[in-house]
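Please keep the sequence and the structure open while reading.

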Amino acid sequence: MKKTLLLRALALGTLAAALSGVALAETGHHMPKAEAWSMSTWNQTVSDMPQGDAIKGADLHREAMCMTCHGDKGQAPSRNVPSLAGNTIEYNYKTLMDYQSGLRNEGDGKSAVMAAATHNLTKQDMADLAAYYAQFAMISQPAIEQVDPAIDRLVRKGDASRMIVPCASCHGAHGEGNAITPALAGQTAHYFVRTMQAYKHKHRTNDINEGMAQFTHDLTDAEIQALADYYASLNAK
Ligand code: HEC
Ligand code: HEC
């Protein structure tokens, strides 16, 4: 292990504690929230983003223990953990920055784990990791034979009466994602539901302009579950 990585591994002591279930269970919202993004601060950040090196990202993925939770290629082995494969470099880069800064903090142990995991990453590390995951695709569940027409309508047409813009207009016709919009095709349904509920209840507020809070505001639990099952079964290609 190279020296820098060793230091980083030592600094990940907090993460090790979280892994062994000792500390960090509920940090609540006392972590200071970083300043919210505007389109212009984000544009500046993305233009300053270092070129990612996927080979270095692969090493870091193993050595910083990302692999233990997110799987060998960022294809989640557990329903509780999101797949990172298939997401654009920009999205994963932004999300890593948001965990590090505390902007993405849903107030549960899961955000705390990611805050610890990103604590010592440099911008270059985040770009390298993001480049690594971008090479792979999520693993989709078997396709749903008959998609509920109401869900299909939400995805393709939205619902003007509830101010819901069509999911597909941002997340892509095949859930493939784009720039800072995450891929949804093949995302684990359990994580999908949790994060949609977090947007709905304003525990997840790291997105620019907080559009997702608006689109989830009037969705029912049943709709959120059905959208999760639909996207889990979708194939981005
Ligand atoms: C102990 C398990 C664990 C470890 C180790 C871990 N993660 Fe995570 N990661 C999670 C969980 C759980 C979530 C979802 C958290 C939530 O619900 O907000 C997550 C979320 C993420 C996300 C957001 C995905 C999305 O779709 O928004 C990214 C990116 C990520 N992790 C990357 C990493 C990287 C890179 C590392 C290593 C430096 C790492 N993780 C280490 C468990 C882990
Ligand atoms: C106007 C564009 C837009 C629309 C419409 C939209 N989204 Fe999103 N969505 C985003 C962006 C951007 C993010 C990432 C926010 C962030 O964390 O920076 C996101 C995040 C998400 C996430 C979190 C994914 C992850 O990996 O953490 C889910 C799930 C999601 N959206 C589902 C939906 C569904 C379902 C719909 C339709 C009901 C929808 N979105 C409509 C732009 C949109």
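Predicted model: local features only at pLDDT ≥ 70, side-chain atom pairs only at ≥ 80, totals over all residues.

Residues are numbered from 1 along each chain as its sequence is written, while chains are lettered from A and ligands numbered from 1 in the order in which they are written. The protein has 13 helices and zero strands. Helices (H or I, at least four residues) and strands (E, at least two) are DSSP runs, numbered from the N terminus.

**Overall fold**

- Along the sequence the pattern reads α-α-α-α-α-α-α-α-α-α-α-α-α.
- Of the 237 residues, 36% count as buried. A residue is buried if 20 or more other C-beta atoms lie within 10 Å of its own, exposed if 12 or fewer, and partly exposed in between, with C-beta atoms placed from the backbone.
- Among contacts with a separation of 6 or more, 74% join residues 24 or more positions apart. Two residues are in contact if their C-beta atoms, placed from the backbone, lie within 7 Å.

**Helix H6**

- H6 has 13 residues and reaches 18 Å from its first C-alpha to its last. That is close to the 18 Å expected at 1.5 Å a residue. The expected span is 1.5 Å times one less than the number of residues.
- Twelve of the 13 residues are buried, so H6 is largely enclosed by the rest of the structure.
- The buried residues include Ile89, Tyr93, Lys94, Asp98 and Gln100.
- They pack against helix H3 (39-47), H7 and helix H8 (123-134).
- Gly102 follows H6 and has a positive phi, near 90 degrees.

**Shell around ligand 1**

- The shell holds 24 residues, and Cys66, Cys69, Pro82, Lys110 and Ala117 come nearest. A residue is near a molecule or strand if its C-beta atom, placed from the backbone, lies within 6 Å of it.
- Helix H5 (66-70), helix H6 (89-101), helix H7 (109-118) and helix H11 (189-200) each give two or more residues.
- H7 gives the largest share, five residues.
- By class there are 14 nonpolar, seven polar and three charged residues. Ala, Val, Leu, Ile, Met, Phe, Trp, Tyr, Cys and Pro count as nonpolar, Asp, Glu, Lys and Arg as charged, and the others, Gly among them, as polar.
- Domain 1 (37-134) and domain 2 (149-232) each supply at least three residues. The domain bounds come from an automatic or database domain assignment.

**Shell around ligand 2**

- 23 residues surround ligand 2, and the closest are Val165, Cys167, Cys170, Pro182 and Asp207.
- Helix H10 (167-171), H11 and helix H12 (211-216) each supply at least two residues.
- H10 has the largest share, four residues.
- The classes are 14 nonpolar, seven polar and two charged.

**Nonpolar core**

- The largest nonpolar core has 42 residues. Such a core is a set of buried Ala, Val, Leu, Ile, Met, Phe, Trp, Tyr and Cys residues joined through C-beta atoms within 7 Å.
- Tyr93, Met126, Leu129, Ala130, Tyr133 and Tyr231 have the most contacts inside this core.
- H6, H7, H8, H9, H11 and helix H13 (221-232) each give two or more residues to this core.
- H8 gives the largest share of this core, eight residues.
- Domain 1 and domain 2 both give residues to this core, so it lies between them.

**Ala85 and Tyr133**

- Ala85 sits in the loop between H5 and H6. With 23 C-beta neighbours inside 10 Å, Ala85 is buried.
- Leaving out residues up to four places away in sequence, Ala85 touches several residues, including Lys73, Tyr133 and Phe136.
- With the same exclusion of residues up to four places away, Tyr133 touches Gly74, Leu84, Ala85, Asn87 and Asn92.
- The C-alpha atoms of Ala85 and Ala131 are separated by 9.8 Å, and the two are 46 residues apart along the chain.

- Most residues other than glycine have a negative phi.
- Met163 is not a glycine, yet has a positive phi of about 55 degrees. Met163 lies in the loop between helix H9 (149-156) and H10. Met163 is exposed, with 11 other C-beta atoms within 10 Å.
- Asn209 is not a glycine either, and has a positive phi of about 70 degrees. Asn209 lies in the loop between H11 and H12. Asn209 is exposed, with 11 other C-beta atoms within 10 Å.
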